[in-house]
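Open the model in your viewer and keep the selection panel at hand. The stops below say what to select next and what is there.

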Amino acid sequence: MGVMSPTLGQEERGGARHVALIMDGNGRWAKQRGMPRAFGHRAGVNALKRTVESAPDFGIEWMTVFGFSTENWTRPPAEVAELMGLLKNYVRSDLTRMEREGVRLHVIGRRGDLAPDILEIIEHAEARTRRNDRFHLQVAFNYGGRADIADAARRYAEAVKAGRDTLEGFDEAGFERYLSTADGPPPDLIVRTSGERRLSNFLLWEAAYAELVFQDVLWPDYGPEHLGLAMEEFKRRDRRYGGAEADGVLAAG
Ligand code: IPE
Ligand code: IPE
Ligand code: MG
């Protein structure tokens, strides 16, 4: 299935098959408590764990979480190091649970800039969970929507140059096979916490027909009850994909 195909099966049941989360507000949460930003990031990992663990209860099959953007390198070096360390600990400490519960881990983003020890942990966890398909956890780390589109364009150009692909018949479905999200469906729902209302370079291509929900809760306070509220809001949305119902009056003549 191409990434842009709407997930109609789930739609009929009113659910969101793929939910993506922009986990925002860790710094403000820490500040409110007079603590350093790192304190907020650590609390954010606990919020991530309880939220991901509750996702299958809502009928969610894919969850993509924004852990580190290509722009987050501009933060102070100590904060960058903290976030790198948290990813390592998260993947290491959650691997047994993922293996046991049939979770497949996917990490998307530019890997080339990551330290060798982080790469090793990511690759090990992906390999260990690659036969799982009960739930897909996709972590966007050193990810940027524009970077991903540019990288996909480069891979496509290289494939054409090497004779592995052609220019003929090239279209959206052909292009998105080169995106790092090519293995899964597009997000049905994108949630951002902390009250900010922007995508901040997250899943730009894939977000084309996603429903957007903004919640005024800081990420470290997030949990299953907030995810439940976002899912309720999603169910009230009318997804039209640019189409329209036939006009009853005119159609009847
Ligand atoms: C989200 O929280 C975590 C990351 C971006 C890695 P922030 O660190 O952006 O927290 P705020 O937005 O400054 O409160
Ligand atoms: C987006 O949040 C990135 C992550 C949640 C990892 P930011 O906090 O970095 O985004 P801006 O700076 O508010 O747009
Ligand atoms: Mg932020």
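Select serine 200 together with ligand 2. An N or O atom in the side chain of serine 200 is 2.6 Å from an oxygen atom of ligand 2. Keep in mind that this is a predicted model.

One of its polar side-chain atoms lies 3.0 Å from an oxygen atom of ligand 2.

Now show the surface of ligand 2. On its own, ligand 2 exposes 400 Å², and 77% of that is buried by the protein.

Next, select the whole shell. Which residues are around ligand 2? They are Ile22, Met23, Asp24, Phe66, Gly67, Phe68, Asn72, Arg75, Arg192, Arg198 and Ser200. Colour them by class: four are nonpolar, three polar and four charged. Then colour by element and pick strand 2, residues 62–69. Strand 2 gives the most to this shell, with three residues.

Step back to the space that holds the ligand. Ligand 2 sits in the largest pocket. The space in the largest pocket comes to about 660 Å³. To find its centre, select Met23, Asn26, Phe66, Gly67 and Asn72, which are the closest to it of the 31 lining residues.

Which elements give two or more residues to the lining of the largest pocket? Select them in turn: helix 2 (26–32), helix 3 (37–54), strand 2, helix 4 (77–101) and strand 4 (135–143). Colouring the lining of the largest pocket by class gives 14 nonpolar, nine polar and eight charged residues.

Clear the selection and go to the second largest pocket. About 220 Å³ of space lies there. Its lining has 14 residues, and those closest to the centre are Val107, Arg111, Glu126, Ser180 and Asp183.

Which element gives the largest share of the lining of the second largest pocket? Select strand 3, residues 103–108, which supplies five residues. Finish by colouring the lining of the second largest pocket by class: five residues are nonpolar, four polar and five charged.

Methods: Residues numbered from 1 in each chain as written. Chains lettered and ligands numbered in written order. Predicted model: local features only at pLDDT ≥ 70, side-chain atom pairs only at ≥ 80, totals over all residues. Heavy atoms only, no water. Near = heavy atom within 4 Å. Polar contact = N/O pair within 3.5 Å; in protein donor to acceptor, adjacent residues only side chain to side chain. Areas by Shrake-Rupley, 256 points an atom, 1.4 Å probe, with all protein chains shown as cover. 1 Å grid on protein atoms, 1.4 Å probe; cavity = no way out; pocket = protein on both sides within 12 Å on 5 of 7 lines; lining within 4 Å. Sits in = over half its atoms within 2 Å of the grid points. Helix = DSSP H or I, 4+ residues; strand = E, 2+ residues; numbered from the N terminus. Nonpolar A, V, L, I, M, F, W, Y, C, P; charged D, E, K, R; others polar. Points joined across faces, edges and corners; volume = space filled by probe spheres on them.
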